[in-house]
Amino acid sequence: PLVSMKDMLNKALEEKYAVGQFNINNLEWTQAILAAAEQEKSPVILGVSEGAARHMGGFKTTVMMVQGLLEDMKITVPVAIHLDHGSSFDKCKEAIEAGFTSVMIDASHHPIEENIETTKKVVEFAHARNVSVEAEVGTVGGQEDDVIADGVVYADPQECEQLVKETNVDCFAPALGSVHGPYKGEPDLGYKEMEEVRDLTQKPLVLHGGTGIPTKDIQKAISLGTSKINVNTENQIVFTKAVRDVLNNDSEVYDPRKFMVPGREAIKETVIGKIREFGSNGKA
Ligand code: G3H
Ligand code: ZN
């Protein structure tokens with residue numbers, strides 16, 4: 001069933017595992033992630049960037065596709081459909097009105113007071129409709145769709161505390177050295193700050209840029225209150241590789257299902273691996 005992230009993340013924080021947010025791009029992506037979660041008996045968050053929503057036709061099409069799959073695939077695990085890096089109050093409102101059960105308002109590039117103001121407005125609108133809200137402080141490095149950073153800025157724990165207390169968000173992403181897309185070298189996550197932010201906010205923490213983070217860092221982050229981990233690029237890489245393999249090996253192929261199905265399988269296997277690494281298997 002479609003639910004908000006609130007209960008699934010509070011339970012994850014309490015029981016020390018993380019729920020994966022896997023971003024979707026199309027039908028096959030969504031099928032793969034839902035199949036993996038159902039097979040592993042894991043809660044799951046379908047992340048939808050504004051760019052991906054545009055690609056799929058819009059917020060409404062995205063919600064209807066997910067709802068259709070939940071029925072046709074007889075999905076029993078909790079599923080949240082979450083706007084990833086929402087750029088404004090209006091975008092969050094639009095997604096919620098289309099049926100999203102969760103939104104991220106990413107006003108992290110604005111001064112903290114403005115970030116808090118915008119986040120507050122989103123929380124007010126969302127909570128009245130049982131929709132959960134994620135906010136961010138600091139800057140995640142790299143690039144994802146329309147979200148482009150020209151460097152990494154570690155979140156200030158005091159600002160994190162202030163934002164969480166004043167806005168009552170359901171979960172919170174302190175940028176602490178993670179990067180969207182592949183890492184150049186090993187990630188350098190700010191564990192000291194993570195611990196501080198956990199103690200100051202007592203909220204489930206979110207780790208963006210999940211692609212390319214070694215298992216030991218994932219485990220450490222979870223032990224310090226990280227309850228949601230976002231993965232996007234890794235699924236893009238395995239999908240594209242599987243499709244490319246088919247096309248490179250067979251110049252006659254023209255039925256799209258012949259290359260989409262191996263791509264879908266590759267995503268499913270990757271998501272199963274992540275679910276087990278994050279420890280959310282069997283937690284539905
Ligand atoms: O918001 C989505 C993520 O933070 C994904 O990051 O593409 O590096 O896995 P990634
Ligand atoms: Zn992100």
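In which strand is the place of D84? The close-ups below, taken from a predicted model, start with that residue.

**View 1. D84 in its strand.** D84 sits in strand 3, which covers residues 79-86. UniProt, in an unreviewed entry, lists D84 under "active site". Look around the residue and you will find 27 C-beta neighbours inside 10 Å; because 20 or more are enough, D84 counts as buried. Setting aside residues up to four places away in sequence, D84 touches N23, G47, V48, S49 and M104.

**View 2. D106 and E136, a pair from the UniProt record.** The unreviewed UniProt entry gives the annotation "binding site" to D106 and E136. D106 belongs to the loop between strand 4 (102-105) and helix 6 (112-127), while E136 lies in strand 5 (residues 132-137).

**View 3. Surroundings of the pair.** D106 is buried, with 25 other C-beta atoms within 10 Å, and E136 is buried with 25 as well. Beyond neighbours within four places in sequence, D106 is in contact with H85, G86, S87, E136 and V147. E136, with residues up to four places away left out, touches D106, S108, A173 and A175.

**View 4. V197 in helix 8.** Here we move to V197, placed in helix 8 (residues 191-201). V197 is buried, having 29 other C-beta atoms within 10 Å. Its contacts, apart from neighbours within four places in sequence, are A155, P157, C160, P174 and L205. V197 and P157 are 40 residues apart in sequence, but 5.3 Å apart in space from C-alpha to C-alpha.

Conventions
Residues numbered from 1 in each chain as written. Chains lettered and ligands numbered in written order. Predicted model: local features only at pLDDT ≥ 70, side-chain atom pairs only at ≥ 80, totals over all residues. Helix = DSSP H or I, 4+ residues; strand = E, 2+ residues; numbered from the N terminus. Buried ≥ 20, exposed ≤ 12 C-beta atoms within 10 Å, placed from the backbone. Contact = placed C-beta atoms within 7 Å. UniProt positions renumbered as here; feature names shortened; annotations may be inferred.
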